[in-house]
Amino acid sequence: MMGRMAQTPTIRTIAKLAGVSNATVSLALRGHPRITSKVRERIRRIAAEVGYRSDPVVANLFAQLRSKKQTPYQSTLGFLYIGVGAQPVTDIPTFREWIGACEMRAESLGYSVDHFTWTGPELSPARLIQILDTRSIRGLAVTIYSEPAMLPPELAPVWQRSAVVIIGRKPVSPALSFVANDQYSTAIQAIDTVVKLGHQRPGLCINQELDESLQWRFAGGFCAGQLKLPTKRRLPICPFDRLDVDPLAEKKFKAWIKRHRPDVILTLHLEIKDWIENMGLRIPNDVGLVHLDKSPGLDWAGMNQNNELVGRAAVDLIVGQLHRNEWGVPPFQKSMLIGSTWSPGKTLSLGRA
């Protein structure tokens, strides 16, 4: 027995121990729905016991061969929304782009996508796990749709049995893997671009609760970008709130503009365009606007966060975890940050150098 275990275990080794064919082992290790969950778990357990590791060169070769023909159905992934916001998820451009990209990438790899919303007591973790098990869903893409952006601790059993990737934010507890836009670099790129266009006094107006949930990445990038400017051209950040949250929000914003005189404002909030125009200021002649998450169809200048690439990358990470049988919270958090692309628009003209 010791002599056998000294050899590198292969799919054939597992097949012989499990009493099944090599093809069954291969499909089971890939989570294929043709293999029952009971058999998949038994084969995975044997593979772990003998220390089986897939050969990345061989795996890549077979991946290329499979890509030359129509991709067969693999299994179903889950898209889990946590929380309830002020509007449907599909009404928010960023979420809509993530969702669409996830579905397209999953389909290209042979996966379908089922959608779930978790809002608390209405769906217990045990019931959610039961639904996921019934549908043989082991891979989960998760978005947090409420503030503060926290992963509910009661969902720990769901993470433990799944290959999970968080989309859009870096989770702190638990430290699950995530894919997001690189908001820090996005802010730096935005301020560098407007300065190169001749603007002298760039400002940032952003909701502080939102930016805090992103570990202050927008504010951090903006402040880092300001270090290249003379001290007298470095403006304080203007906190943003909706009028239904703070009835004085517009008044505070106008006071900030009058005191600090920005010639271009970086923001995520469409409302401030109306507030600027209510002051009698012309856009872009008197003050320019740059959206830090410009969606398709928006005529503002801004940063395209490449949300489609974020969604695609999330699916790739999930599928990779499924193939490697990686479940639960990883020992080391994996992160993938996607850069942004500058997109010109009607709200920004050349500055006065």
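Biologist: What span does α12 reach from its first C-alpha to its last, and what is expected?

Modeller: This is a predicted model. In it, α12 has 12 residues and reaches 17 Å. At 1.5 Å a residue, 16 Å is expected. The span of α12 is close to that value.

Biologist: Which residues of α12 are buried?

Modeller: Ala249, Glu250, Phe253, Trp256, Ile257 and His260 are the buried ones.

Biologist: Why do you say that the buried residues of α12 line one face of the helix?

Modeller: Look down the axis of α12. The buried residues fall within an arc of 120°, so they line one face.

Biologist: Which exposed residues does the face turned away from the buried side of α12 carry?

Modeller: Lys251, Lys258 and Arg259. To be called exposed, a residue needs over 50% relative accessible area.

Biologist: What follows α12?

Modeller: Arginine 261 comes next, and its phi is positive, near 50°.

Biologist: How many aromatic pairs does a search of the whole structure find?

Modeller: The search finds 5 aromatic pairs.

Biologist: Why is the pair of phenylalanine 253 and tryptophan 256 called tilted?

Modeller: Start with the distance. The ring centres are 6.0 Å apart, and the limit for a pair is 6.5 Å. Now the angle. The planes stand at 35°. Stacked needs under 30 degrees, and edge-to-face needs over 60.

Biologist: What separates phenylalanine 253 and tryptophan 256 in helix α12?

Modeller: About one helical turn, because the two are 3 residues apart in α12. An α-helix has 3.6 residues a turn, so residues three or four places apart point the same way. Both phenylalanine 253 and tryptophan 256 are buried.

Biologist: Which residues do ring pairs link into a cluster?

Modeller: Phe240, Phe253, Trp256 and Trp275.

Biologist: What makes you say that arginine 138 lies over the face of tryptophan 327?

Modeller: Arginine 138 is at 3.9 Å from the ring centre. The cut-off is 6 Å, and the charge must also be within 35 degrees of the ring normal. Arginine 138 counts as lying over the face.

Biologist: What makes the phi of serine 136 worth a look?

Modeller: The phi of serine 136 is near 55°, a positive value in a residue other than glycine. Most residues other than glycine have a negative phi, and most peptide bonds are trans. Serine 136 is in the loop between α7 (125-134) and β3 (139-144).

Biologist: Why is serine 136 called partly exposed?

Modeller: The relative accessibility of serine 136 is 27%. Buried means under 20%, and exposed means over 50%. The value falls in between, so serine 136 is partly exposed.

Biologist: What is the phi of asparagine 325?

Modeller: About 55°, a positive phi, although asparagine 325 is not a glycine. Asparagine 325 lies in the loop between α14 (307-323) and β11 (335-338). With a relative accessible area of 28%, asparagine 325 is partly exposed.

Biologist: How do you know that the peptide bond from serine 173 to proline 174 is cis?

Modeller: Its omega is near -5°. Proline 174 is in the loop between β4 (163-167) and β5 (178-181). The bond from isoleucine 283 to proline 284 is cis too, with omega near 10°. Proline 284 has its place in the loop between α13 and β9 (288-291).

Biologist: Why does isoleucine 338 count as buried?

Modeller: Its relative accessibility is 12%. The cut-off for buried is under 20%, so isoleucine 338 qualifies. Isoleucine 338 lies in strand β11. Beyond four places in sequence, isoleucine 338 touches several residues, including Val179, Leu309 and Ala313.

Biologist: And why is serine 295 called buried?

Modeller: Serine 295 has a relative accessible area of 15%. That is under 20%, so buried is the word. Serine 295 lies in the loop between β9 and β10 (301-304). Setting aside residues up to four places away in sequence, serine 295 touches Pro93 and Glu97.

Biologist: Where does pLDDT stay under 50?

Modeller: Over residues 1-6. Where pLDDT is low, the predicted coordinates should not be read in detail. For the protein, the mean pLDDT is 88, and 88% of the residues reach 70 or more.

Conventions
Residues numbered from 1 in each chain as written. Predicted model: local features only at pLDDT ≥ 70, side-chain atom pairs only at ≥ 80, totals over all residues. Heavy atoms only, no water. Helix = DSSP H or I, 4+ residues; strand = E, 2+ residues; numbered from the N terminus. Buried < 20%, exposed > 50% of the residue type's maximum accessible area, 1.4 Å probe, protein only. pLDDT = per-residue confidence, 0-100. Contact = heavy atoms within 4.5 Å. Expected span 1.5 Å × (residues − 1). Arc of directions from axis to C-beta.
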